[in-house]
Amino acid sequence: MEYSFPVVNMENLNGEKRATTMDIIKDACENWGFFELMNHGISPELMDKVERLTKDHYKQCMEQRFKELVASKGLGEVEKEIEDMDWESTFFLRHLPESNMTAIPDLSDDYRKTMKEFVEKLEILAEQLLDLLCENLGLEKGYLKKAFYGSRGPTFGTKVSNYPPCPRPELVKGLRAHTDAGGLILLFQDDQVSGLQLLKDGEWIDVPPMRHSIVINLGDQLEVITNGKYKSVLHRVLAQTDGNRMSIASFYNPGSDAVIYPAPALVEKEAEEKNQVYPKFVFEDYMKLYAGVKFQAKEPRFEAMKAVEHTVIPTPIATA
């Protein structure tokens, strides 16, 4: 079956195409769990600089380490499928509630400064998107931001990944299939080397690389808050024999002590009567569970949280 991947031109939100554009976002959230943003307000010049510095950093600081890891594990000569690791080279940056950027070794001052500017713009974009989701869901403006807030605001971090050329891509994934645990994910991906795929109607579909786009996908927390109206979707990265794929994924997540539960306005009476309501839990507890079962189905995670639900003390949503 031929699918047309949802692409949202954010310039169309101002003017007569607004309703159509909101419908594209609504359909993407309900049926894809992914969409791609164009004209999102982050300058091409800044994105180009982030890409150049990220690729330079990989070559100078990460590439040799990755080659040594592959050699030490004998991965170049494997003959059977590897199911317990991913063909990726990564590091993590934390931004909120506090940054760890100065503590990461090997980053040039220029890279730190550029990444700081980039993620500040992504944070604004994430909050803008959450309000667009609120509008489509019929929730008051600011509801999702408040739901994520916790006592110290949201958690926001970035996973910087490179997927180097792989001699046996049929035997190892760049990144094994999973759904994302958090809230809203904003991805700046390589526009030359593909590999990211999502599962739709039982088929793996490519997320098309588009120059200067930001790919958005929904995490498990938005599935819970919408009581399943929006879904987090399985996705994976295929390893490639040629080309080194860059991926900069920023995760706008709830604060660690935020209490996550379905928005009362989105829980239909019928669902309540049939007990088809998603659980209530503290985000940090969900993350502890997720850490051990990331590459397994999400439904047992929701069931496990439901089993301990009575221990969650309800707290009023904090206001930002």
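Modeller: Let's start with the annotation: an unreviewed UniProt entry places "domain: Fe2OG dioxygenase" at residues 154-254. This is a predicted model, where local features need pLDDT of at least 70 and side-chain atom pairs count only at pLDDT 80 or more, while totals for chains, interfaces and linings use all residues. Residues are numbered from 1 along each chain as its sequence is written, and side-chain values use heavy atoms, with hydrogens and water left out.

Biologist: What makes something a pocket here?

Modeller: On a 1 Å grid over the protein atoms alone, a pocket is an open set of points with protein on both sides within 12 Å along at least five of seven lines, whereas a cavity is a set where a 1.4 Å probe fits but cannot get out; lining residues have an atom within 4 Å of a point. The largest pocket has a volume of about 900 Å³, the volume being the space filled by probe spheres set on the points, which are joined across faces, edges and corners. It has 44 lining residues, and F92, K159, F251, N253 and M287 are the closest to its centre. Elements giving two or more residues to the lining include β3 (89-96), β4 (155-163) and α7 (283-293), and β4 gives the most, with 7.

Biologist: How do the lining residues divide into nonpolar, polar and charged?

Modeller: There are 21 nonpolar, 14 polar and 9 charged. Ala, Val, Leu, Ile, Met, Phe, Trp, Tyr, Cys and Pro count as nonpolar, Asp, Glu, Lys and Arg as charged, and the others, Gly among them, as polar.

Biologist: Why are β5 and β10 said to pair?

Modeller: Two strands pair if DSSP finds at least two bridges between them. β5 and β10 have 3 bridges, in the antiparallel sense, so they meet that definition. K173 stands opposite L238 in β10. Both strands belong to an open sheet of 4 strands in the order β5-β10-β7-β8, with antiparallel pairing.

Biologist: What makes β5 and β8 edge strands?

Modeller: Each of them pairs on one side only.

Biologist: Why is G195 called buried?

Modeller: Buried means under 20% relative accessible area, exposed over 50%, and partly exposed in between (1.4 Å probe, protein chains only). G195 has 4%, so it counts as buried. It lies in the loop between β6 and β7 (196-200).

Biologist: And D201, is that buried or exposed?

Modeller: Exposed, because its relative accessibility is 59%. D201 is found in the loop between β7 and β8, and its phi is near 50 degrees, a positive value in a residue other than glycine.

Biologist: Why do you call β9 largely enclosed?

Modeller: Because 5 of its 5 residues are buried. I214, I216 and L218 point one way from β9, and V215 and N217 the other way. Strand β2 (residues 34-38) runs antiparallel to β9 and is joined to it by 4 bridges, with E36 partnering V215. β6 and β9 also pair in the antiparallel sense over 4 bridges, and there L184 stands opposite L218.

Notes:
UniProt positions renumbered as here; feature names shortened; annotations may be inferred.
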